[in-house]
Amino acid sequence: MMRVFGAELEVLATVDGRLTPDIVPKMMARAREIAGEQASLFTDQMNNRDTLTGYATLGEELLRQVDGPIHSFCGCVGTSGMLVGTGRVLKEADPRTRLVAIEPSASAVLSGGAPGAHNVEGVAPGFTPPLYDPTLVDDVVAVDEAEGRRMARTLAREEGIFAGTSTGLNVVAALRLARDAGPGNTVVTVAADSGLKYLRGTLYRD
């Protein structure tokens, strides 16, 4: 897709194509090298606080669209921009809103575990992202990747929501939170992207 838009790609390979704890630091280091070699815009998304401002609009949208209080908001953590940027707005509107970080159990760093390899694109870089604010987050939930993959396929077949594995993890965690919270509570999460990006991989061939 990026080549279609005219991008020149430099791909850093990992073992078996999985996201390993060393790959994100390697990509960040290589991006800095490229930025130092030529005129460029280095977005540095792991450290870019503009991300928080951008995602604040999602929090504002949720407040407009959700009827009544939001009991919990949960989402997978990659840069943590979405969770923190959205969560701040929700908590400013209602401090009782619980903010829940989600990560794959194979690399549950935020839960105090060791970094590990996984296939959930865009999340769990193997370290605590600089934008992550533990004082804002009320809980961390680790979800098994296989469970998230099954949920992604269920969402496509039964709900018409075509997304990736991180969305599957989001929904698995949201359903757990909803069961724990009980009737009368609203739990919100997001579908992170389009499933079109995953047709080449194994997610929809399993």
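# Close-up views of the sheet, its helices and its cavities

**View 1. Cys76 stands opposite Ile102 of strand S2.** The model is predicted: local features require pLDDT of at least 70 and side-chain atom pairs count only at pLDDT 80 or more, while totals for chains, interfaces and linings use all residues. Residues are numbered from 1 along each chain as its sequence is written, and side-chain values rest on heavy atoms, with hydrogens and water left out. Helices (DSSP runs of H or I, at least four residues) and strands (runs of E, at least two) are numbered from the N terminus. S1 and S2 are joined in the parallel sense by 5 bridges, and Ser72 has Arg98 of S2 as its bridge partner. Two strands are taken as paired if DSSP finds at least two bridges between them.

**View 2. Four strands form an open sheet in the order S3-S2-S1-S4, with parallel pairing.** Strands S3 (139-143) and S4 (187-188) are the edge strands, each pairing on one side only. Helix H3 (residues 81-93) packs on the sheet, where it touches strand S1 (72-76) and S2, and its direction makes about 170° with that of S1. Contact means heavy atoms within 4.5 Å. Axes are lines fitted to C-alpha atoms, for helices over the stretch in contact, and angles between N-to-C directions run from 0 to 180 degrees. Helix H5 (residues 165-181) lies across S1, S2, S3 and S4 and runs at about 150° to S1. Strand S2 (residues 98-104) runs parallel to S3, to which 5 bridges join it; Pro104 stands opposite Val143 in S3.

**View 3. Strand S1 is covered on both faces.** In a regular strand, side chains alternate between the two faces of the sheet. Ser72, Cys74 and Cys76 lie on one side of S1, Phe73 and Gly75 on the other, and all are buried. Buried denotes under 20% relative accessible area, exposed over 50%, and partly exposed the range in between (1.4 Å probe, protein chains only). S1 is mostly covered, with 5 of its 5 residues buried; S2 is also mostly covered, with 6 of its 7 residues buried.

**View 4. Asn170 of helix H5 and Val190 in the segment after S4 touch each other.** Asn170 has a relative accessible area of 2% and therefore counts as buried. Leaving aside residues up to four places away in sequence, Asn170 touches Cys74, Gly75, Cys76, Ile102, Thr189 and Val190. Val190 is likewise buried, because its relative accessibility is 18%. With the same exclusion of residues up to four places away, Val190 touches Leu58, Phe73, Cys74, Met82, Thr167 and Asn170. The C-alpha atoms of Val190 and Cys76 are 9.3 Å apart in space, although the two residues are 114 residues apart in sequence.

**View 5. The second largest pocket holds about 180 Å³ of space.** Its lining comprises Leu155, Ile161, Thr167, Val171, Ala174, Leu175, Ala178, Val187, Thr189, Val190 and Ala191. H5 gives the most to this lining, with 5 residues. The lining divides into 9 nonpolar, 2 polar and no charged residues; Ala, Val, Leu, Ile, Met, Phe, Trp, Tyr, Cys and Pro count as nonpolar, Asp, Glu, Lys and Arg as charged, and the others, Gly among them, as polar. On a 1 Å grid over the protein atoms alone, a cavity is a set of points where a 1.4 Å probe fits but cannot get out, and a pocket is an open set with protein on both sides within 12 Å along at least five of seven lines; lining residues have an atom within 4 Å of a point. Grid points are joined across faces, edges and corners, and a volume is the space filled by probe spheres set on the points.

**View 6. The largest cavity has a volume of about 50 Å³.** The structure holds 1 cavity of 30 Å³ or more. The largest cavity is lined by Val77, Glu103, Ser107, Val109, Leu110, Ala124, Pro125, Gly126, Phe127 and Pro129, a set of 7 nonpolar, 2 polar and 1 charged residues. Ala124 belongs to the loop between S2 and S3 and, at a relative accessible area of 10%, is buried. Its phi is near 50°, a positive value in a residue other than glycine.

**View 7. Arg96 lies in the loop between H3 and S2.** Arg96 counts as exposed because its relative accessibility is 65%. Its C-alpha atom is separated by 8.5 Å from that of Ile70, 26 residues away along the chain.
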